[in-house]
Amino acid sequence: MTSSVEKLDDITRIRLGDQLGRQFHEEKPNIKVIRTGLLAKEVGNVSLMTLLDSYRVAGAINSQDVEDVRHAVPSARYLVLSRIEQDHISEKSNQTESNLADSEQDKKKGEYEQVRVDVSLETTHEMGVSLTIYDLQQNLHVWSGYVSKTKTNSNDSSRTFSKDKRWREELVDAFVDTLIGLDQSGYPEPPTQTEVLDDIFKGFVENMPESTKK
């Protein structure tokens, strides 16, 4: 696992690679997975990180890299490499207004004396990740895919106002500004990278072609 968005340290690359391996194992328990931590021991940490540096820059590795992994781990059939292509966090606020009447009679007349304002403060984490699979025995690139996912956390609040001539300028805008805060502190923390990647890795496993061999 690596990233074209930022340079990950070795510990993070191993941790994310192991996360990918766990998702493969959970979704396809019949597939035996050699996780990144163990692969680093077999191939050599320096050699593996050099390979990942090449993949980070080019999105591919050369035939010699594939051959080196095959010699180091002869029991393995496939090498799975993944690269974060997009990692973006955004914030936005949504408002909806609902007219309220003091009574059913007023409602039937279309006389609404109050308005309820619902405000949702949303923080969205969007990621896009590519995945490449090499057949170690045939030294071939056999499959590629790309999955993007978003997850959103929200803080929701509502308040009811009397509907007079100046209710918006003096009250609603102040209400929203207070919720957001001067330093945007009213927005929730974004979903973690781990949460988004779990959905992405699951998407890879679900979309991967099945073997036709019985």
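Figure 1. Arg13 is buried, with a relative accessible area of 3%, in a model that is predicted. The cut-off for buried is under 20% relative accessible area. The side chain of Arg13 meets that of Asp10 in a salt bridge, with 3.2 Å from N to O. Both residues of this pair, Asp10 and Arg13, belong to helix 1, where they are three residues apart, or about one turn of the helix. Asp10 has a relative accessibility of 31% and therefore counts as partly exposed.

**Figure 2. The salt bridge between Arg13 and Asp53.** Arg13 also forms a salt bridge with Asp53, and here the closest N and O atoms are 3.0 Å apart. Because Arg13 lies in helix 1 and Asp53 in helix 3 (residues 45-58), this pair ties together parts that are 40 residues apart in sequence. Asp53 is partly exposed, its relative accessible area being 25%. Taken together, Asp10, Arg13 and Asp53 are linked in a network of salt bridges.

**Figure 3. The salt bridge between Arg83 and Glu85.** In this pair the closest N and O atoms of Glu85 and Arg83 are 2.9 Å apart. Arg83 is buried, at a relative accessible area of 13%. Glu85 counts as partly exposed, at 27% relative accessibility. The count for the model comes to seven salt bridges, and the bridge between Glu85 and Arg83 is one of them.

**Figure 4. The packing of helix 1 against helix 2.** Two packed helices are described by the angle between their axes and the distance between the axes. Helix 1 packs with helix 2 (residues 36-43) at an angle of about 120 degrees, and their axes are 8 Å apart. Helix 1 and helix 2 are therefore oblique to each other. On the side of helix 1 the contact is made by Arg13, Ile14, Gly17 and Asp18, and on the side of helix 2 by Thr36, Gly37 and Ala40. Sorted by class, the contact of helix 1 with helix 2 has two nonpolar, three polar and two charged residues. Arg13 of this contact is the residue that forms salt bridges with Asp10 and with Asp53.

**Figure 5. The packing of helix 1 against helix 7.** Helix 1 (residues 10-27) and helix 7 (residues 193-207) pack with their axes 9 Å apart, at an angle of about 45 degrees. This pair of helices is therefore oblique as well. The crossing of helix 1 and helix 7 is right-handed. Helix 1 makes the contact through Arg15, Leu16, Gln19, Leu20, Gln23, Phe24 and Glu27, and helix 7 through Gln193, Thr194, Leu197, Asp198, Phe201, Lys202 and Val205. By class, the residues in the contact of helix 1 with helix 7 are six nonpolar, four polar and four charged.

**Figure 6. Gln193 and its surroundings.** Gln193 is placed in helix 7 and takes part in the contact of helix 7 with helix 1. Gln193 is buried, with a relative accessible area of 19%. If neighbours within four places in sequence are left aside, Gln193 is in contact with Glu6, Arg15, Leu16, Ile84, Asp87, His125 and Met127. Among them, Arg15 and Leu16 are residues of helix 1 in its contact with helix 7. Val142 is 51 residues from Gln193 in sequence, and in space the two are 28 Å apart, C-alpha to C-alpha.

Terms used: Residues are numbered from 1 along each chain as its sequence is written. This is a predicted model: local features need pLDDT of at least 70, side-chain atom pairs count only at pLDDT 80 or more; totals for chains, interfaces and linings use all residues. Side-chain values use heavy atoms; hydrogens and water are left out. Axes are lines fitted to C-alpha atoms, for helices over the stretch in contact, and angles run from 0 to 180 degrees between N-to-C directions. Helices (H or I, at least four residues) and strands (E, at least two) are DSSP runs, numbered from the N terminus. Angles under 35 degrees count as roughly parallel, over 145 as roughly antiparallel, 65 to 115 as roughly perpendicular and the rest as oblique. A crossing is left-handed if the near helix is turned anticlockwise from the far one by less than a right angle, and right-handed if clockwise. Contact means heavy atoms within 4.5 Å. Ala, Val, Leu, Ile, Met, Phe, Trp, Tyr, Cys and Pro count as nonpolar, Asp, Glu, Lys and Arg as charged, and the others, Gly among them, as polar. A salt bridge is a side-chain nitrogen of Lys or Arg within 4 Å of a carboxyl oxygen of Asp or Glu. Buried means under 20% relative accessible area, exposed over 50%, partly exposed in between (1.4 Å probe, protein chains only).
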